[in-house]
Amino acid sequence: MATESPAQGDDLALLGLLQLVSPALPIGAFAWSQGLESAFELGWVSNEASLGEWLEGVLDDGLAHCELPALARLHTAWRQDDADGVAEWDAWLAANRETAELAAEDSRLGASLARLLGSLERLPDSGMLPPDAGYVTLFAWTARMRGVTQRQALLGFAWAWLENQLAVACKALPLGHTAAQRLVERLRPALVAAVDLALGLDDDELGPALPGLAMASALHETQYSRLFRS
């Protein structure tokens with residue numbers, strides 16, 4: 001009988017991560033801007049330089065202290081078959097969504113990913129998945145199920161966030177594709193630094209500090225003309 005070599009396992013894990021973070025994944029992530037479209041409308045972000053500053057701020061004060069460390073803990077909980085841990089961190093993330101739009105994004109992307117995994121027969125065992133689990137929780141499960149390491153899962157999540165934000169800017173700012181690639185070059189080290197920070201935080205150090213993003217997301221709910229759902 002043929003067996004899978006370590007190299008093949010690593011390759012499959014990498015391909016699984018690429019599949020998970022691909023913009024082609026049919027979960028509707030393209031429909032959400034996470035308040036960025038409102039920041040354009042308000043004039044808070046108006047060009048390549050100010051967009052870079054906005055993204056660095058969201059990465060440092062948001063993802064590095066919220067989604068990424070929670071993702072690390074969820075990855076561990078899935079690995080240990082710790083249903084209570086999965087439920088605890090799923091609920092913690094839901095409690096940290098400061099606007100209706102941010103909460104809707106997490107829950108609807110989670111529901112979409114759950115439906116996709118169900119169609120692929122890749123959902124976790126009954127009793128492990130919390131009711132109405134959010135996107136980060138399902139992302140952690142999928143990464144773990146695909147054999148993606150904890151650190152690589154965090155890097156992949158951060159990369160998907162950056163790619164989506166730049167896609168929003170290319171549509172709504174507008175930002176040219178060359179400018180977007182300059183921002184990728186600028187922010188790639190920041191993604192690594194955010195993952196390093198997230199993996200070193202204690203539980204009592206977690207929590208986003210993004211009043212500007214929360215205001216932008218809340219104001220977006222009544223924005224007159226918009227392309228995105230948040």
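**Exercise 1. Asp81**

Task: Decide whether Asp81 is buried or exposed in this predicted model, and say where Asp81 lies.

Solution: 
- Start with accessibility. Asp81 has a relative accessibility of 59%.
- Apply the cut-off. Exposed means over 50%, so Asp81 counts as exposed.
- Now place the residue. Asp81 sits in the loop between helix H4 (67-79) and helix H5 (83-95).
- Check the backbone. Phi of Asp81 is positive, about 55°, although the residue is not a glycine.
- Most residues other than glycine have a negative phi.

**Exercise 2. Asp132**

Solution: 
- The relative accessible area of Asp132 is 72%. The exposed class begins over 50%, so Asp132 is exposed.

**Exercise 3. Trp161**

Task: Work out which residues Trp161 touches beyond four places in sequence, and whether Trp161 is buried or exposed.

Solution: 
- Begin with the element. Trp161 is part of helix H8.
- Take accessibility next. Trp161 stands at 6%. Buried means under 20%, so Trp161 counts as buried.
- List the contacts. Leaving out residues up to four places away in sequence, Trp161 touches Gln34, Leu55, Val58, Leu59, Leu63 and Leu191.
- Trp161 and Leu59 are 102 residues apart in sequence, yet 9.3 Å apart in space, C-alpha to C-alpha.

**Exercise 4. Ser50**

Task: Identify the backbone atom that lies 2.9 Å from a polar side-chain atom of Ser50, and name the contacts of Ser50 beyond four places in sequence.

Solution: 
- Ser50 falls in helix H3 (residues 48-61).
- Classify the surface. At a relative accessible area of 13%, Ser50 is buried.
- Follow the side chain. A polar atom there lies 2.9 Å from the backbone nitrogen of Ser46.
- Finish with the contacts. Setting aside neighbours within four places in sequence, Ser50 contacts Trp44 and Val45.

**Exercise 5. The cavity**

Task: How many cavities of 30 Å³ or more does the structure hold, and what lines the largest cavity?

Solution: 
- Count. There is one cavity of 30 Å³ or more.
- Size it. The largest cavity holds about 70 Å³ of space.
- List the lining. Its residues are Gly16, Gln19, Leu20, Leu25, Leu113, Leu116, Leu117, Leu120, Thr142 and Arg146.
- Assign elements. Helix H1 (6-21) and helix H6 (100-119) are the elements that give two or more residues to this lining.
- Sort by class. Six lining residues are nonpolar, three polar and one charged.

**Exercise 6. Cysteines**

Task: State how many disulfides the structure holds, then classify Cys66 and Cys170.

Solution: 
- Count the bonds. The structure has zero disulfides.
- Take Cys66. Its relative accessibility is 1%, so Cys66 counts as buried.
- Take Cys170. Its relative accessible area is 18%, and Cys170 is buried.

Notes
Residues numbered from 1 in each chain as written. Predicted model: local features only at pLDDT ≥ 70, side-chain atom pairs only at ≥ 80, totals over all residues. Heavy atoms only, no water. Helix = DSSP H or I, 4+ residues; strand = E, 2+ residues; numbered from the N terminus. Buried < 20%, exposed > 50% of the residue type's maximum accessible area, 1.4 Å probe, protein only. Polar contact = N/O pair within 3.5 Å; in protein donor to acceptor, adjacent residues only side chain to side chain. Contact = heavy atoms within 4.5 Å. 1 Å grid on protein atoms, 1.4 Å probe; cavity = no way out; pocket = protein on both sides within 12 Å on 5 of 7 lines; lining within 4 Å. Points joined across faces, edges and corners; volume = space filled by probe spheres on them. Nonpolar A, V, L, I, M, F, W, Y, C, P; charged D, E, K, R; others polar. Disulfide = S-S within 2.5 Å.
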